[in-house]
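Dear colleague,

My notes on it follow directly after it.

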Number of protein chains: 2
Amino acid sequence: QEVAKLLELKAQIGDDGAKKFVLKTPKGTRDYSPQQMAIREGVFDTIISCFKRHGAETIDTPVFELKETLTGKYGEDSKLIYDLKDQGGEILSLRYDLTVPFARYLAMNKIQNIKRYHIAKVYRRDNPAMTKGRFREFYQCDFDIAGLYDPMLPDAECLKIVAEILQELNLGEFVIKVNHRKILDGMFGACGVPEEKFRSICSAVDKLDKTFWDDVRTEMVDEKGLEPSSADLIGTYVKQSGGTELIDMLLQDERLSKSKDAKEGLEQMKLLLRYCELYGIKDKVLFDLSLARGLDYYTGVIYEAILKGFTNTPSAAGAGEEQLGVGSVAGGGRYDNLVGMFDAKGKNVPCVGVSIGVERVFSIIEAKYQASQIKSRTTQTEVYVVSAQKNLHEDRMKLCAELWDANIKAEHSCKKSPKPLTQFQYCEDMQIPLAIIIGESELQNNVVTMRNVSSREEKEVPRDKMVEEIKKTLRDLQTQSK
Amino acid sequence: QEVAKLLELKAQIGDDGAKKFVLKTPKGTRDYSPQQMAIREGVFDTIISCFKRHGAETIDTPVFELKETLTGKYGEDSKLIYDLKDQGGEILSLRYDLTVPFARYLAMNKIQNIKRYHIAKVYRRDNPAMTKGRFREFYQCDFDIAGLYDPMLPDAECLKIVAEILQELNLGEFVIKVNHRKILDGMFGACGVPEEKFRSICSAVDKLDKTFWDDVRTEMVDEKGLEPSSADLIGTYVKQSGGTELIDMLLQDERLSKSKDAKEGLEQMKLLLRYCELYGIKDKVLFDLSLARGLDYYTGVIYEAILKGFTNTPSAAGAGEEQLGVGSVAGGGRYDNLVGMFDAKGKNVPCVGVSIGVERVFSIIEAKYQASQIKSRTTQTEVYVVSAQKNLHEDRMKLCAELWDANIKAEHSCKKSPKPLTQFQYCEDMQIPLAIIIGESELQNNVVTMRNVSSREEKEVPRDKMVEEIKKTLRDLQTQSK
C-alpha cells in the first residue's frame with residue numbers, strides 16, 4: 001500500500017512537470033456548460049418575450065468604449081473598470097454597465113425617444129464571490145424608456161415589466177420596493193443633513209438591507225461626521241414602509257411638508273402607486289423609505305425587487321459586501337441627466353429603466369435543478385436514427401438527410417457500425433423522444449421501425465410515409481406532455 | 001451670403017468648444033441599431049435552427065482568456081491580439097476566435113466528444129475595412145464536432161450544415177470548395193518543395209482567390225526562394241478543380257501517386273464526396289486544389305463556401321488585403337492536434353468544424369433591404385391602444401394590462417393625452433397590425449373599436465370579448481400573409 005501511494009505521488013509530480021501552463025479561465029469568470037446554457041436560454045426567452053410584449057426594440061454596442069466615455073460616470077467604482085493595454089491607438093476600457101453606453105448611443109445618434117432592451121455582458125474588477133453568483137464578467141438585461149413623457153407613465157411600465165418577469169420565472173413571492181431620490185433628498189434636508197453630505201449619507205442608508213441600523217448610524221456619525229440628532233431623525237423615517245396611506249401621512253408630516261423636494265417626490269410616488277394599481281401590480285409594490293441605491297445618476301423614482309424566499313437578515317459582517325441584497329433580482333430608476341453629459345450642448349433626454357439580475361436568477365434555477373435531480377435537455381433532437389446491423393451508415397445518412405430537409409431535428413452516430421445498445425442508450429441519456437431503426441429487413445421491405453424511446457413501443461412505418469408519421473407522432477407527444 | 005457662411009462657421013467653432021470629448025465608438029467597432037438588430041436576429045435564428053436540427057448543444061466562454069492560452073496558436077497573426085492592461089493580477093487578452101477557447105474548454109473539462117455551437121464576438125486589432133464588413137469586433141458562428149469517429153462522417157455533416165444554412169439564408173447560388181491538408185502537403189513534396197517551406201508556400205497558394213497566378217509565382221520564387229521549376233509544377237496542379245473524376249485522375253498521377261500523404265488525402269476526399277452525395281449536396285461541393293486556408297492548425301479536410309454572385313476577379317491590389325475572399329461566407333476544416341496543446345499529457349481530441357461569416361451575411365442582407373426600400377419591423381407589437389379623447393390614459397393602462405396578461409404584445413402612448421392622429425401615424429410607421437380604440441362612447445357602451453391598421457376597417461367588439469377577438473384576428477392575419 002505504501003508503494004502504491006508513492007507511485008501515485010510520483011505520477012502526480014510527473015504530471016505537473018509536463019504541464020506547461022495553468023488550464024483555467026480568468027479569475028471571476030467561468031465557462032457555461034451546455035446544461036447551464038439550456039437554463040440561460042430559458043431565462044432569456046422569458047425576459048425577451050416580456051420586453052417584446054411591451055413593444056421594445058433592441059440595440060447592441062461594442063464590448064469596449066473609449067475610456068473617456070466611461071470617465072466620471074461611476075464615482076468611486078471607477079477603480080473597478082477594466083482597461084485595455086495601450087497598443088498604440090485609442091485608450092479603451094471594457095464596459096462597466098449597459099446604461100452609460102446607452103446614453104452615449106442616444107446622444108451620438110440624437111435619438112429623442114426609444115423603448116429598448118439590451119442583453120449583454122459587462123465587466124467589473126470586483127472581488128468575485130462566485131458561489132453567491134457574483135462574477136467579474138456577468139450578464140445584464142436592461143430595459144429602458146427614453147423620452148419626454150408624462151410623469152410616472154414610463155416609470156410604472158418598468159415596474160409592470162419587473163412584476164411580469166418575476167412572475168413568469170416562477171421564483172416565488174417577491175416585492176418591488178420603491179422610493180424617490182427627491183423624497184430622500186428632502187428627508188435629508190429636513191433632518192438637518194448639510195447638502196454636501198447628501199450623497200455620502202445616502203450611500204450609508206443604502207446599506208440598510210444588509211446591516212443593522214445601529215451600524216449605519218455609527219457610520220453616519222463617526223465616519224461621516226453627521227450630528228447625532230440628525231442621524232436619529234433619519235432613523236425614524238427610514239424604518240417606515242407602506243402604501244398610499246403612508247404617503248398621505250408623510251405629506252402631513254411637519255418636517256417633510258416644508259421641503260419642496262419631499263412634497264414633489266411624495267406626490268409623484270402617489271401617482272406611481274395609482275398607476276401600479278391600474279396595471280394590476282399594487283400588491284407587489286411597497287413604498288420603502290430605506291431604499292437608497294448607490295448610483296449617483298438617479299434623479300427620480302428608484303426601485304429594487306426582492307425575492308421573499310431569499311430575504312437577508314442584516315449582519316454586521318455583510319456590510320458593503322454585496323452590490324445587491326441577497327434576495328435582490330432587479331433594480332433601476334429614473335436618470336434624467338445622464339444623456340446630457342454626452343451632448344455638446346448638454347441637451348438631456350429623460351430616461352427610466354430597469355436591470356434584471358439574471359446571474360442571480362441563473363444561480364437560483366441551477367440550484368433548483370440540482371436539488372430536484374431533474375436533468376434539463378441540452379439538445380432539441382426529435383429523432384435518432386439507429387442502425388440495427390453493421391455497415392448501414394450510408395442508409396442512415398440518406399435517411400437523416402431526408403429528415404433534416406423536412407426540418408426534423410435528427411441525429412445519427414458518426415461511427416460506421418455503432419452497437420445498437422449504445423445507440424439506444426444515447427437516446428435515453430439525451431431524452432430523445434423517437435428512434436427510427438433500420439436493419440436489413442427494414443431495408444428489404446422498404447419500411448422503418450419507429451420506436452417511442454420512453455415507452456419502448458415500436459411500430460413499422462412505410463418508408464415513404466416516414467416523415468409524415470414522425471411529424472404526427474411528435475405533435476401527439478407534445479399534446480400529451482401539456 | 002458671406003455673413004451667413006461666417007455665422008455658420010462661428011456656430012461650428014462654438015460647438016466644438018463646448019464638446020468636451022469625441023462622441024464615437026472605438027475604431028473598427030460599431031453600434032447595432034434596432035433595424036440592424038432585427039436583421040441580425042433573423043440570421044441567427046436561421047443558423048441556430050440549423051445547428052439545433054443537427055443535435056448541437058451550445059456553450060459559452062469568457063470574452064478574455066489568460067494571455068498564455070492564446071500564445072502560440074495563431075502564428076504571425078498573434079500581433080493582432082488585444083491585450084488587457086496589467087492592473088495587478090492575471091495577464092489577459094481578448095479572444096481572437098472561438099476555436100482556441102473551445103479547445104481549452106475541452107481539455108480543461110476532459111471532454112472526449114461533443115457537438116457544439118458557439119455564437120459570440122471575437123476581437124482582432126486588424127486594419128478595419130468596415131464597408132467590406134470587416135471589423136475589429138465581430139461575430140463568429142462556430143459549429144464543431146469533437147470526438148474520435150469514422151473518417152469523413154463528421155466532416156460531411158459540417159458541409160451539409162453549411163449547405164443548409166446558405167440555402168435558407170437565400171443568398172443566391174453558392175459553391176463549397178474543399179481540399180485536404182494532406183493533398184496539399186503531398187503535392188508540395190511531389191513538386192520538390194522542401195518540407196520546411198510547406199507552410200509558407202501554402203500561404204502563398206492561399207492568395208490565389210484574390211491574386212493572379214503570376215503574382216503568386218513571383219512570391220514563391222522571389223520572396224520565398226522556391227525553385228522556378230517547383231513553382232511551375234505547383235501551377236499545373238492548383239489550376240485544377242472538379243469531382244470524383246479529378247480525384248481518380250490524380251490518384252493515377254505519376255508524381256502524386258508516389259506520395260503517401262497525397263494518396264491518403266485523395267482517398268479521404270473521395271469518401272467525403274461520396275458522403276456529400278448521400279447527404280444530397282454533391283452539386284454544391286467542388287474539390288479545388290487551389291484552396292489552402294491560412295491557419296496552421298488544420299490537419300485534414302479544409303473548406304470554404306463562396307457566393308457565386310459575389311465572386312472576386314483576382315487583382316494585384318487586393319493581394320493579402322482580406323482574410324476571406326469577397327464572396328466567402330463560411331470556412332473551416334479538421335484540426336486534430338489543437339486540444340492536445342492544452343493537455344498535460346498531450347492527449348488529443350480530433351475535431352472538425354465550420355465558422356459562418358455572419359458579418360458578411362449581415363452586410364449583404366442590409367444592402368438588400370436598402371435596395372428594396374422595404375423597412376423591416378424592429379418591434380413585434382400586435383396591438384396599439386389608442387385613446388380618442390383627452391385624459392383617457394387610465395383606461396388605456398387598464399386595457400393594456402389586460403392584453404399583456406393575456407400575452408398579447410401591446411403598446412400605448414406614455415403621454416396622458418396624445419393626439420389621435422399621432423397615435424395612428426405611429427401604428428403605420430411601426431407596422432402594427434391592429435389598433436384598439438377607446439373613447440367616451442366606447443367606455444359608456446362597454447365596447448372597444450378594433451381597427452385593422454392597413455385596411456383601416458373598423459369593427460365594434462364587446463369589451464369582455466376583446467382578448468378573444470384580437471387573438472382570432474391576429475391568427476387570421478397571419479394565415480393571410482402566408
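B:Tyr279 counts as buried, because its relative accessibility is 1%, where buried means under 20% relative accessible area, exposed means over 50% and partly exposed lies in between (1.4 Å probe, protein chains only). The model is a predicted one, in which local features need pLDDT of at least 70 and side-chain atom pairs count only at pLDDT 80 or more, while totals for chains, interfaces and linings use all residues. Residues are numbered from 1 along each chain as its sequence is written, chains are lettered from A and ligands numbered from 1 in the order in which they are written, and side-chain values use heavy atoms, with hydrogens and water left out.

Aromatic pairs

Over all chains, the structure holds 26 aromatic pairs. Rings of Phe, Tyr and Trp (its six-membered ring) pair if their centres lie within 6.5 Å; planes under 30 degrees apart count as stacked, over 60 as edge-to-face and the rest as tilted. A:Phe51 and A:Phe143 form a stacked pair, because their ring centres are 5.4 Å apart and their planes stand at 25°. A:Phe51 belongs to helix α2 (residues 34-53) of chain A and A:Phe143 to strand β5 (residues 137-146) of chain A, so this pair ties together parts that are 92 residues apart in sequence. Helices (H or I, at least four residues) and strands (E, at least two) are DSSP runs, numbered from the N terminus. Both A:Phe51 and A:Phe143 are buried.

A:Trp404 lies in helix α13 (residues 393-405) of chain A, and B:Tyr279 in the loop between α11 (260-278) and β8 (285-288) of chain B, so the pair joins two chains. A:Trp404 is buried as well, with a relative accessible area of 2%.

One aromatic cluster is formed by A:Tyr32, A:Phe44, A:Tyr139 and A:Phe362.

Charges over rings

A:Arg40 lies over the face of A:Tyr32, 4.6 Å from the ring centre; the criterion is that NZ of Lys or CZ of Arg is within 6 Å of the ring centre and within 35 degrees of the ring normal. A:Lys284 is placed over the face of A:Phe174, at 5.0 Å from the ring centre. These two residues, A:Lys284 and A:Phe174, are 110 residues apart in sequence and 6.9 Å apart in space, C-alpha to C-alpha. A:Lys284 is found in the loop between α11 (260-278) and β8 (285-288) of chain A, and its relative accessibility of 17% counts as buried. Leaving aside neighbours within four places in sequence, A:Lys284 is in contact (heavy atoms within 4.5 Å) with A:Gln167, A:Phe174, A:Val175 and A:Ile176.

The sheet of chain B

Chain B has an open sheet of nine strands with mixed pairing, in the order β1-β4-β5-β11-β10-β9-β6-β8-β7; two strands pair if DSSP finds at least two bridges between them. β1 (57-58) and β7 (241-242) of chain B stand at the edges with a single partner strand each, so one side of each is left without a neighbour in the sheet.

Strand β5 (residues 137-146) of chain B runs antiparallel to strand β4 (residues 114-123) of chain B, and 10 bridges join them. B:Gln140 in β5(B) is the bridge partner of B:Ala120, and B:Glu137 in β5(B) stands opposite B:Tyr123. Six bridges join β5(B) to strand β11 (residues 351-356) of chain B, again antiparallel, with B:Val354 in β11(B) as the bridge partner of B:Phe143.

In a regular strand the side chains alternate between the two faces of the sheet. In β5(B), B:Glu137, B:Tyr139, B:Cys141, B:Phe143 and B:Ile145 point one way, B:Phe138, B:Gln140, B:Asp142, B:Asp144 and B:Ala146 point the other way, and all are buried. With 10 of its 10 residues buried, β5(B) is therefore largely enclosed by the rest of the structure.

Helix α8 of chain A

The buried residues of helix α8 (residues 213-223) of chain A are A:Trp213, A:Val216, A:Glu219, A:Met220 and A:Val221. The cover over them includes α7 (198-205) and α9 (228-238) of chain A. A:Gly225, which follows α8(A), has a positive phi, near 65°.

Yours sincerely
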